[in-house]
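Visitor: I'd like to learn how to read a protein model. Could you walk me through one?

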Amino acid sequence: MFSLFKIITLRDIKISWAGGSTSSMVVAFFIIVVTLFPLGVGPELNMLSRISVGVIWVAALLACLLSLDRIFQADFEDGTLDQYALCPLSLEWLVLAKALAHWLTTSLPLILITPLLGILLNMDDAAYWPLIYAMLLGTPALSLIGTIGASLTVSLKRGGVLLSLLILPLYVPVLIFGVMSVEAMTIGNGGYTTLMILGAVTLFSIAITPWAAAAAIRLALD
C-alpha cells in the first residue's frame, strides 16, 4: 500500500512540474500578487510592514486555490481515476497522496520564496521565522480542504468558480489563525496557543477531508 501511495504522489509531482505547467504558474501568480501590493499601497514603509504578513497569507491562499481544480480533473477526464478506484489503495489514501503532492508542488515553493518577498514588503525581521512556522503548519490544511472542493466539482467541466465559492469560506480559519499567530509571536505576546490552534486545524483536516473527498469521488464515478 505504501508503494502505491508513493508512486501516486511522485507521479502527481512530476506531472505538476512537467513543462512548467501548474506549479510554475502558481509560483508566478504568488509573486505577482505580492509585488502588486507595494505598487498599489505606495512607498509608505510602515504601512507595508503592517500588512506584509496578511498580504503573504492571502496571496498564498489564492495561489493554492488557483491549482485545486487540477487535483482530480485530469485523472477523471482520462479515466485514471476509475483505475485508482479499482486498485488496492483505498480512495481515502488516494486523497491523502493527492493532497501531499499538491502541497509539495504548490505551498512548499511559496514558503521557500516568502523571505524574499518579505523584504519587498518591508516585513519586520522578527516575523520571518514565525511566518515560516505558521505557513508550514497551516498550508497543508489548504491542500487538504481543497481536495473536498476538487472532488465535489470533478465531474463539472467548468467548476472552477463553484470550487472557489465552496472552498474560500473554509479557508478563513487558516487565514485568521495564521496571521494572528505570526503577529502574536512577533510582538513577543506568546502566539504559541494560536499556532497550536492552527496545527489543530491541519490535524482535523487530515482526519476529516480524506473521507469526505473519497465519498464525493465515489459519487462522481457512479
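## Reading the contacts

Guide: Let's start with one side chain: W93 is partly exposed, with a relative accessible area of 37%. Buried means under 20% relative accessible area, exposed over 50%, and partly exposed in between, with a 1.4 Å probe and protein chains only. Keep in mind that this is a predicted model, where local features need pLDDT of at least 70, side-chain atom pairs count only at pLDDT 80 or more, and totals for chains, interfaces and linings use all residues. Residues are numbered from 1 along each chain as its sequence is written, and side-chain values use heavy atoms, with hydrogens and water left out.

Visitor: Which residue forms an aromatic pair with W93?

Guide: A pair of aromatic rings is described by the distance of the centres and the angle of the planes. Rings of Phe, Tyr and Trp (its six-membered ring) pair if their centres lie within 6.5 Å; planes under 30 degrees apart count as stacked, over 60 as edge-to-face and the rest as tilted. The structure holds two aromatic pairs. In one of them, F5 and W93 sit edge-to-face, 5.8 Å centre to centre with 90 degrees between the planes. F5 lies in helix α1 and W93 in helix α6, so the pair ties together parts that are 88 residues apart in sequence. Helices here are DSSP runs (H or I, at least four residues), numbered from the N terminus. F5 is buried, at a relative accessible area of 14%.

Visitor: And how many salt bridges does the structure hold?

Guide: A salt bridge is a side-chain nitrogen of Lys or Arg within 4 Å of a carboxyl oxygen of Asp or Glu. There are five of them in this structure. Take D75 and R11, whose side chains meet with N to O at 3.3 Å. That pair links distant parts of the chain: D75 is in helix α4 (residues 73–77) and R11 in helix α1 (residues 2–17), 64 residues apart.

Visitor: Is D75 buried or exposed?

Guide: D75 counts as buried, at 4% relative accessibility. R11, on the other hand, is partly exposed at 27%.

Visitor: What else does D75 form a salt bridge with?

Guide: D75 also forms one with K98, where the closest N and O atoms are 2.1 Å apart. D75 lies in helix α4 and K98 in helix α6 (residues 91–120), so this pair ties together parts that are 23 residues apart in sequence. Both D75 and K98 are buried.

Visitor: Which residues is D75 in contact with, leaving aside its neighbours within four places in sequence?

Guide: Contact means heavy atoms within 4.5 Å. On that count, D75 touches R11, T80, L81, Y84 and K98.

Visitor: Can you show me another salt bridge?

Guide: R218 sits in helix α9 (residues 192–221) and E92 in helix α6, 126 residues apart. R218 is partly exposed at 38%, while E92 counts as buried at 12%. Elsewhere, salt bridges that share partners join R11, D12, D75 and K98 into one network.

Visitor: Last one: where does the kink in α7 lie?

Guide: The bend at a residue is the angle between axes fitted to the seven residues ending there and the seven starting there. In α7, a kink of about 30 degrees lies at L136, shortly before the proline P140. As for cover, 20 of the 25 residues of α7 are buried.

Note on methods:
Helix = DSSP H or I, 4+ residues; strand = E, 2+ residues; numbered from the N terminus.
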